2 protein chains.
Amino acid sequence: MSERYDAARLKRFAADLLRKAGMPADRAGVVAEMLVDADLMGHDTHGLNLAPQYLEALASREMPRTGEPKVLSDTGPAVLWDGNYLSGVWLVRHAMDTAMARAREYGLCALSIRRSGHIACLASFLPVATARGFMMLLFSSDPANRGVAPHGATEPVYTPNPIGVGIPTPGDPVLIDISASITTMGLTGRAGADGERLAGKWLVDADGQASDDPAVFGDGGALLPLGGLDSGHKGFGLGLMVEAMTSGLAGFGRREKPGQHGASVMVMLIDPEASGGLESFAAETGFLADACRAARRPKGAPAVRLPGERALKLKREQEKRGVELYPDIMPRLAEWAERLRVPAPNPIRGKGSET
Amino acid sequence: MSERYDAARLKRFAADLLRKAGMPADRAGVVAEMLVDADLMGHDTHGLNLAPQYLEALASREMPRTGEPKVLSDTGPAVLWDGNYLSGVWLVRHAMDTAMARAREYGLCALSIRRSGHIACLASFLPVATARGFMMLLFSSDPANRGVAPHGATEPVYTPNPIGVGIPTPGDPVLIDISASITTMGLTGRAGADGERLAGKWLVDADGQASDDPAVFGDGGALLPLGGLDSGHKGFGLGLMVEAMTSGLAGFGRREKPGQHGASVMVMLIDPEASGGLESFAAETGFLADACRAARRPKGAPAVRLPGERALKLKREQEKRGVELYPDIMPRLAEWAERLRVPAPNPIRGKGSET
């Protein structure tokens, strides 16, 4: 079992690394918080696992260290920014502040970002909005990358295209963070590196057969859209919806053949107060959540879990007991700690050794 | 093979029936057009198949014949109507006119409708918006009905919750009309009535096993969320998203235990001119559509089809050759034709008999 680290200490550590790599302190703090929150919630491919590549991008200046997004258009409730490949995690959090203020004024706001940096874990952002009483939708695609085949094809054309949805209820929010493909490139790559099969036939091979072998990705195969060979036209539709909501409305995407990885993003905030009221909204979503939990299930089957329920439970546990990082993460960060002369944290329990 | 009917003649026929049943002529024309368009596109459970139940609802006054939706709130880009169970097909088309005008002004508009009547085929509405250069999203749920089990459960809690998305491109629009479940109640009911199995294991039985037997629905089973037993947490998430976007924002839903079938609806119109411009938008979506069509596929496999491609091709064919109706539709309409003294159309080719 891997070692555990204090969450607050990890956030300071990650913020220090990003700051030493050139990012302004306030932005470094935001990015560190969102990344460690992803680890706290168990989304461990999209937390500190990404820090080394962000540090690398800051070092190479592929990710500019400073600068502001450029406002390309602004009607009030519809805004378009050029992100100039600044940190996508910071850009999204920054966009949320604008969009929440606009949603309070107009009832909703859709803020599109072209040429954003990578935005990491969608689920990290959602509780920031739901805690303030907003419903949030977040869409992202990377026009410089491709991993998913259109339904009926075997060649990757577009990215997994995640959809994040935060829904306030009277209790914990519902936090949806799903891709329009069955699995992601991150999980496929990790299974491949670990010499393991995927837990299901979530890829398509060059002959059009479903496969659980990570090696078919990159060897004429691709990720399958949600729904698989059977109902993949639906996942394909969702993938195209996300492409239109992101690169389409941002007016910048695959057609421009971007020379670097990044993201086209849409941040949509909706204020239920402007329509039926937050109280009615939460009464409906809470009623439905209770009905889902109470639904009959097969004898011996585990309780129905709402999206985000396990993640929030894990977050609370790990905030107390420390964060369990995927084993290869701290060794990779330790190299950066040495390079940037930032002290690396000790595990909470373990051999007491500085990594 | 069933008989074919002239599309324009069918629209006049359906409009006459609705008008004679008490609906104002302009509304009857809109509803007839949207229903026959569904049949033209091959969505034959959601076209004229629904006309008898609409006529019945008009006769019983469960669907009011006249009256306007009530505006409950209006910020400009965010609007909430109480639909008073008026024809949902007319309400959506009417809401689109408001929302398109608002989207021109604000860049986007989200119009929610509580207590709408049934809205029929989502795909019928989308080309009306895309032809005017808008991206459209349409969400619907019926808070008085349930068919889909939460992931991990076997009891139906919510409806299939369709998502409609219309995306302009330089050529034909992309028209997405998918439910958050693998199949729908309409198709399951039809297979059951015809004594057939479903084409896949799209239901869950009372023991939690996937099944293609329509009889398990209504016998302790339910429709599976998109993704099935393997990845149904994603379809479950989409279903909850639609519930929040519809009944949540409308402030009226399952909690109120509505006494009659109907719909909670969100109509969202987005004007790409307000952000990156329609030309850039369509350049991106067209580029992606071309890339999808050109994607490598297994030897001998059919060409990749974009969502809506087959429907639009079928529509063009049937506009020329006549509409092929599902066999039980015209006999059911003939009863209403006699009752309301409206002459029923003759098939284009056939035995020349008045049904």
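In chain A, the side chains of Arg190(A) and Asp44(A) form a salt bridge, with an N to O distance of 3.0 Å. Arg190(A) belongs to helix 6 (residues 185–193) of chain A and Asp44(A) to the loop between helix 2 (25–40) and helix 3 (51–60) of chain A, so the pair ties together parts that are 146 residues apart in sequence. Over all chains, a search of the whole structure finds 42 salt bridges. The structure described here is a predicted model.

### The sheet of chain A

In chain A, 7 strands form an open sheet in the order 2-3-4-11-5-6-7, with mixed pairing. Strand 2 (70–74) and strand 7 (174–178) of chain A stand at the edges; each has a single partner strand, so one side of each is left without a neighbour in the sheet. From one strand to the next, the twist averages 10 degrees.

Within strand 3 of chain A, Val79(A) is the bridge partner of Asp74(A).

Two helices of chain A are described in relation to these strands. Helix 5 (residues 122–130) of chain A packs on the sheet and touches strand 5 (135–141), strand 6 (163–167), strand 7 and strand 11 (263–270) of chain A. Helix 7 (residues 228–250) of chain A lies across strand 3, strand 4 (108–116), strand 5, strand 6 and strand 11 of chain A. The angles are tabulated below.

| Helix of chain A | Reference strand of chain A | Angle |
|---|---|---|
| Helix 5 (residues 122–130) | Strand 6 | about 25 degrees |
| Helix 7 (residues 228–250) | Strand 5 | about 80 degrees |

### The sheet of chain B

Chain B has an open sheet of 7 strands in the order 2-3-4-11-5-6-7, and the pairing is mixed. Its edge strands are strand 2 (70–74) and strand 7 of chain B, each of which pairs on one side only. Neighbouring strands of this sheet are turned against each other by 10 degrees on average, direction ignored. Strand 4 and strand 11 of chain B pair in the antiparallel sense over 7 bridges. Cys109(B) stands opposite Leu269(B), which lies in strand 11 of chain B.

### The interface between the chains

The size of an interface is often given as the accessible area lost when the parts come together. Chain B and chain A bury about 6400 Å² between them, and 73% of this area is on carbon and sulfur atoms. In chain B, the residues that lose the most area to chain A are Lys234(B), Glu284(B) and Arg296(B), together 11% of what that side buries. In terms of contact, 81 residues of chain B meet 81 residues of chain A.

Between chain B and chain A the count of salt bridges is 0, whereas 26 residue pairs are in polar contact, both residues at pLDDT 80 or more. The elements that give two or more residues to the side of chain B that touches chain A include strand 3 (78–82), strand 4 (108–116), helix 7 (228–250) and helix 8 (278–294) of chain B. Helix 7 of chain B gives the most to this side, with 14 residues. By class, the side of chain B that touches chain A has 46 nonpolar, 22 polar and 13 charged residues.

Conventions. Residues are numbered from 1 along each chain as its sequence is written. Chains are lettered from A and ligands numbered from 1 in the order in which they are written. This is a predicted model: local features need pLDDT of at least 70, side-chain atom pairs count only at pLDDT 80 or more; totals for chains, interfaces and linings use all residues. Side-chain values use heavy atoms; hydrogens and water are left out. Contact means heavy atoms within 4.5 Å. Buried area is the accessible area (1.4 Å probe) that two parts lose on being put together, summed over both. A salt bridge is a side-chain nitrogen of Lys or Arg within 4 Å of a carboxyl oxygen of Asp or Glu. A polar contact is a pair of N or O atoms within 3.5 Å; within protein, one must be able to donate a hydrogen and the other to accept it, and residues adjacent in sequence count only if both atoms are side-chain atoms. Helices (H or I, at least four residues) and strands (E, at least two) are DSSP runs, numbered from the N terminus. Ala, Val, Leu, Ile, Met, Phe, Trp, Tyr, Cys and Pro count as nonpolar, Asp, Glu, Lys and Arg as charged, and the others, Gly among them, as polar. Two strands pair if DSSP finds at least two bridges between them. Axes are lines fitted to C-alpha atoms, for helices over the stretch in contact, and angles run from 0 to 180 degrees between N-to-C directions.
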